[in-house]
Amino acid sequence: MAKSDTSHHDERIANMVFGSILPHYINKVEKKGRTQEEMYAVMEWLTGYDKAQVLAHAENKTNFRDFFAGCTLNPNAHLITGVICGYRVEEITNETTRNSRYLDKLIDELARGKKMESILRKPK
């Protein structure tokens with residue numbers, strides 16, 4: 001059963017440096033035969049940041065709180081559902097934690113071979 005209370009690690013996630021996680025995302029998708037360009041397209045869909053902006057955040061050591069505070073979250077992000085890291089993303093109440101889990105979920109789906117059209121959710 002998925003958990004929904006993330007309060008015990010919300011602050012830790014908010015303070016994590018985005019640039020320290022980006023290489024893990026790249027490694028994950030490339031190990032599964034996907035490209036960095038697909039990964040950046042997924043990130044742009046979620047955050048509105050293009051590749052150059054994502055790389056600038058990584059280089060500037062932006063934490064997840066500021067990374068997501070400065071983005072324009074896709075209006076369809078709420079369509080991202082399911083479990084990631086043991087948490088049902090749609091039940092996470094902390095905005096930064098939920099947004100970081102949205103990103104984790106999309107990267108996971110990309111690495112698992114899901115089609116881009118499915119990853120980039122559109123309302124029905």
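I will talk about a pair of packed helices and then about some salt bridges. Please keep in mind that this is a predicted model.

Let me begin with the helices. Two packed helices are described by the angle between their axes and the distance between the axes. The pair here is helix α2, residues 18-31, and helix α6, residues 95-111. Their axes are 9 Å apart, and the angle is about 20°. Angles under 35 degrees count as roughly parallel, so α2 and α6 are roughly parallel to each other. As for handedness, the crossing of α2 past α6 is right-handed.

Which residues make that contact? On the α2 side they are F18, Y25, K28 and V29. On the α6 side they are S100, L103, D104, I107, D108, L110 and A111. Sorted by type, the residues of this contact come out as seven nonpolar, one polar and three charged.

Side chains of opposite charge can pair when their charged atoms come close. How many salt bridges does the structure hold? There are nine, and I will go through some of them.

D108 pairs with R112 through their side chains, at 3.4 Å from N to O. Shared partners link the salt bridges here, and K28, D108 and R112 form one network.

Next is E11 with R65, where the closest N and O atoms are 2.6 Å apart. E11 belongs to helix α1, residues 10-15, and R65 to helix α5, residues 64-69. The pair therefore ties together parts that are 54 residues apart in sequence.

The last pair I want to show is E38 and R34. Their closest N and O atoms are 3.1 Å apart. R34 is buried, with 13% relative accessible area. E38 has 22%. Buried means under 20%, so E38 is classed as partly exposed.

To recap, α2 and α6 are roughly parallel, and K28, D108 and R112 are joined by salt bridges into one network. That is what I had to show.

Conventions
Residues numbered from 1 in each chain as written. Predicted model: local features only at pLDDT ≥ 70, side-chain atom pairs only at ≥ 80, totals over all residues. Heavy atoms only, no water. Axes fitted to C-alpha atoms, helices over the stretch in contact; angles between N-to-C directions. Helix = DSSP H or I, 4+ residues; strand = E, 2+ residues; numbered from the N terminus. Parallel < 35°, antiparallel > 145°, perpendicular 65-115°, else oblique. Left-handed = near helix turned anticlockwise from the far one by under 90°. Contact = heavy atoms within 4.5 Å. Nonpolar A, V, L, I, M, F, W, Y, C, P; charged D, E, K, R; others polar. Salt bridge = Lys/Arg side-chain N within 4 Å of Asp/Glu carboxyl O. Buried < 20%, exposed > 50% of the residue type's maximum accessible area, 1.4 Å probe, protein only.
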